[in-house]
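Please set each value against the criterion it has to meet.

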Amino acid sequence: MTQTTTRMMKWDNMRRVYVYSVPTRIFHWLNVLAILTLILTGYVIGNPPALMSNKEASFGYWFGTIRFIHFVAAIIFVLNFIFRIYISFAGNKYENWRSFLPVSKRFWKSFWQALKLDIFQMKGKEMIIIGHNPLASFTYFILFIVFIFQIISGFGMYAAMSDKAIYQAFVWIVPLMGGDAAVRFWHHMATWFFVIFSMFHVYLVFYHDSVEGRGMLSSMAGGWKFFKKDIYLKKEN
Ligand code: HEM
Ligand code: HEM
């Protein structure tokens with residue numbers, strides 16, 4: 001099909017599919033906001049600038065404020081992640097936990113196909129997938145594991161700062177991981193994973209949206225993706 005005919009494709013030959021429900025979209029954007037805040041405040045905590053001021057020392061509490069913002073964002077991040085786990089049982093089939101688990105043969109077949117087309121830019125059959133493609137699902141699966149690591153290591157460090165039972169439940173993490181410096185180091189490294197993931201993720205979302213023209217970018221805003229009717233029906237049956 002030429003680009004001109006693609007541009008003029010008639011609406012009556014298309015079907016719109018509701019892929020991401022409101023809870024998933026809320027999860028996504030709250031997660032983006034929390035992670036950006038955690039990366040920025042975490043970066044300052046790890047590399048504190050030596051600011052000088054002639055104010056009374058007790059008025060200069062900016063670093064405490066940065067840490068406070070980190071902890072508030074951390075709580076929002078954790079609760080939001082728990083919310084996503086709930087959606088993966090209660091949500092629609094595109095949001096279901098099964099779509100993230102790299103267990104079936106079919107999953108790996110489509111995974112390699114997506115890798116060839118998207119990353120290595122090789123020629124191949126066009127992939128029509130309604131939810132996340134398996135390459136994307138796999139990266140989200142790894143991302144969720146790193147989320148769990150970041151939460152455990154974060155609460156492990158926080159346990160030294162609070163007597164509350166909920167934080168004390170994580171007190172064993174720091175000795176297990178080789179001490180405070182080691183936990184900080186790995187918490188810091190995981191942060192770079194989020195930065196690199198985000199760069200690839202945003203690039204690929206824009207790439208798919210422009211190459212396929214199925215509304216991928218806006219699917220995380222309005223929930224809808226668009227498919228030719230015959231392709232959609234074939235996929236569903
Ligand atoms: C996306 C998630 C997160 C990111 C990107 C992130 C990032 C960071 C970074 C870069 C640091 C500085 C480490 C260093 O070099 O010393 C840090 C410190 C810290 N983070 Fe996180 N963090 C995240 C989640 C959490 C969570 C869920 C908690 C749980 C309470 C947490 C608690 C802490 C604590 C206690 C510190 C040490 C603060 C201090 O000693 O002043 N973080 N974080
Ligand atoms: C402006 C920036 C961003 C845009 C436009 C964007 C857009 C999207 C879109 C369109 C999808 C659905 C893709 C598909 O159908 O496979 C998606 C999924 C996802 N994105 Fe983003 N994203 C952004 C930033 C981020 C960041 C910073 C993170 C986390 C570090 C993130 C984490 C995720 C996750 C976990 C999913 C899977 C959603 C789910 O099923 O729960 N995104 N994103």
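Q: In this predicted model, which residues have the most contacts inside the largest nonpolar core?
A: That core has 23 residues, and those with the most contacts inside it are Ile35, Phe77, Tyr140, Phe144, Phe147, Ile151 and Phe194. H2, H3 (62-90), H5 (134-158) and H8 each supply at least two of its residues, and H5 gives the most, with 8 residues.

Q: What is phenylalanine 144 in contact with, leaving aside its neighbours within four places in sequence?
A: Phenylalanine 144 is in contact with Phe27, Phe81 and Phe100, contact being heavy atoms within 4.5 Å. A second, separate core of 8 residues includes Tyr20, Tyr94, Ile128 and Ile130.

Q: How do you know which protein atoms are donors of the iron atom of ligand 2?
A: A donor must be an N, O or S atom within 2.8 Å of the metal; NE2 of His28 and NE2 of His201 lie 2.0 Å from the iron atom, so both qualify.

Q: What does the pair of histidines tie together?
A: Because histidine 28 lies in helix H2 (residues 22-46) and histidine 201 in helix H8 (residues 180-212), the pair ties together parts that are 173 residues apart in sequence.

Q: Why do histidine 28 and histidine 201 count as buried?
A: Buried means under 20% relative accessible area; histidine 28 has 17% relative accessibility and therefore counts as buried, and histidine 201, at 19%, counts as buried too.

Note on methods
Residues numbered from 1 in each chain as written. Chains lettered and ligands numbered in written order. Predicted model: local features only at pLDDT ≥ 70, side-chain atom pairs only at ≥ 80, totals over all residues. Heavy atoms only, no water. Donors = N, O, S within 2.8 Å, 3.2 Å for Na, K, Ca; no water. Helix = DSSP H or I, 4+ residues; strand = E, 2+ residues; numbered from the N terminus. Buried < 20%, exposed > 50% of the residue type's maximum accessible area, 1.4 Å probe, protein only. Core = buried A, V, L, I, M, F, W, Y, C linked by side-chain atoms within 4.5 Å.
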